[in-house]
Amino acid sequence: MEVTGSAKSGQIRALYREHRRWLTLFVQRRLGCPHSTADLVHDTYLRILASGVLPDSGDSRRYLAHIAKGLVVDRYRRHRIESTYLEYLRQQPEELFPSPENQVQTIEALVEVSLLLQRLPEKVRLALLLRQLEGLSYRDIAGRLQVSVSSVEKYVARALQGCMLAALGERH
Amino acid sequence: MKSKGLSTETIRQASDWMARLWADEVAESERRAFQHWLEQHQDNKKAWLQLQQLQEKFKQLPDPEAGRAVLMPTAQRNRRLLLWAGLSLGVTTLFGSRNATQHPSVTQTYFTETGQIKPVILSDGTELILNTNTRVYARIDYHRRQLYLGKGEVMITTATGSRPFLVASHEGHISPLGTRFSVRQLNKQTQVRVYKGRVALRLAQAAGVREIDAGHSAVFSANAVFSVPSQNGDHAWTHRRLVATRMPLPQFARELSRYRNGIMRVHPQLQGLVVTGVFSLENTDQALHNLSQVLPLKVRYLTPYWVSLTPS
């Protein structure tokens, strides 16, 4: 947040004053819940503050909408991962329950990995997961996906490339 | 756009090499070629290191089993489908030739989210009511009518018809004989409750047929059947109600938590309490609140997904 000079923080204040009401309606239409909406509007401005990138004056709405939409998608993804994970936990014996901190760490890690994989086609994604989570050989993966062993290698290569591009793109 | 000056081409090459070196068999000449590539350019080394670091993320998933459950739901579902194919005699070929990520086109899927209760009418007129968090696969054709319960619970009122009807769960088959009955998938067991008519039960790993008459229930594993007494309120869920008659609180909490996301805990001091009453399943927060009015307990929300019942 220290990246914002005084001129910038003035611009952000203006962005907040002029567009918050509109942005709140925009987000609420997508989320429904007023609490999450307030959070997400707040996060949108935080995101802009942290990136230090401000929109051109005529472009504010489009820019805010773009960032907010991205955050809405993230939120749905996280929610889906959280609820699938909790559902999984519920089927485990209580003695094996991880501590709350551990659960949060697991959810974070799952969100991170799913972000890397999100744009990959189903089989490409599965090929990498079967290798990395189940430790299967290419031959076994080929059997599981009903494709040739050479296709498995191509899928894995493509998945690795996709992950890497996703990871690099994300920082920008 | 690509940061740190790495070109898309370098990233592609690094990915190709990693995929190659992970193969089941790697020739010595290939290893040498890789070493050569690695030393050819500073960027190659950089891309390789970054790719390796990225893979650490997969290894760092604290619980691989959880990773599988969350990131590969389709793979799991299909394993179950294959199990179904194995159970339902004579249909293996239908599934066997298909790739592992597709549903057979003749199968319809019906499902509910947590908290949802939904009626469905199949093409032959059979009525289903899907309870919370349920997934049912149905195949109706000229020769047979088959249902597979992937998870959850379903109430089935069969339409009359001469085509054989079969319900498969993980642990066995149920063939109804003109009936209304419910099937619920438990952890490694299946529960059947018969309200009208009769059903025949065949276990996945045991010979013989067991029949269950109206008014009776059974829980079965893949190789054994246990009878359990039926209770009045058993099918109240089809009317979106939970009816408890001197139900131990932990059991009540388990039942109610089927209809909400997250985790519900009962304090050890409360384990002995029993619940009697009719609770709505439409709003489980309200049901919990009502519970706290009749029993000496407090409902504490750590988060909306984590509820604890503690002594008041």
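Predicted model: local features only at pLDDT ≥ 70, side-chain atom pairs only at ≥ 80, totals over all residues.

Student: At roughly what angle do the axes of H1(B) and H3(B) cross?

Tutor: Helix H1 covers residues 8–21 and helix H3 covers residues 42–59 of chain B, and their axes come within 9 Å. The contact draws on residues of both helices, including Trp17(B) and Met18(B) from H1(B) and Trp48(B) and Leu51(B) from H3(B).

Student: In which hand does H1(B) pass H3(B)?

Tutor: The hand is a separate description from the angle, and here H1(B) passes H3(B) in a crossing that is right-handed.

Student: Turning to the open sheet of three strands in chain B, which strands are at its edges?

Tutor: The strands of this sheet follow the order E14-E17-E16, with mixed pairing. An edge strand pairs on one side only, and this applies to E14 (263–266) and E16 (297–303) of chain B. From one strand to the next the twist averages 20 degrees. The edge strands are thus E14(B) and E16(B).

Student: How many bridges join E16(B) and E17(B), and in what sense do they pair?

Tutor: Strand E17 spans residues 306–311 of chain B, and its residue Trp306(B) stands opposite Thr303(B). The pairing of E16(B) with E17(B) is antiparallel, over six bridges.

Student: Which helix lies across E14, E16 and E17 of chain B?

Tutor: The helix in question is made of residues 249–257 of chain B, and it runs at about 170 degrees to E14(B). The element lying across these strands is helix H7(B).

Student: Is Arg193(B) buried or exposed?

Tutor: Arg193(B) belongs to strand E9, residues 189–203 of chain B. Leaving aside residues up to four places away in sequence, Arg193(B) touches Glu153(B), Phe181(B), Ser182(B), His216(B), Ser217(B) and Asp234(B). The cut-off for burial is under 20% relative accessible area, and because Arg193(B) has 15% relative accessibility, this residue counts as buried.

Student: What percentage of the residues of chain B count as buried?

Tutor: Chain B holds eight helices and 17 strands, and exposes about 15,600 Å², of which carbon and sulfur atoms supply 50%. Of its 312 residues, the share that counts as buried is 47%.

Key
Residues numbered from 1 in each chain as written. Chains lettered and ligands numbered in written order. Heavy atoms only, no water. Pairing = 2+ DSSP bridges. Helix = DSSP H or I, 4+ residues; strand = E, 2+ residues; numbered from the N terminus. Axes fitted to C-alpha atoms, helices over the stretch in contact; angles between N-to-C directions. Contact = heavy atoms within 4.5 Å. Buried < 20%, exposed > 50% of the residue type's maximum accessible area, 1.4 Å probe, protein only. Areas by Shrake-Rupley, 256 points an atom, 1.4 Å probe, with all protein chains shown as cover. Left-handed = near helix turned anticlockwise from the far one by under 90°.
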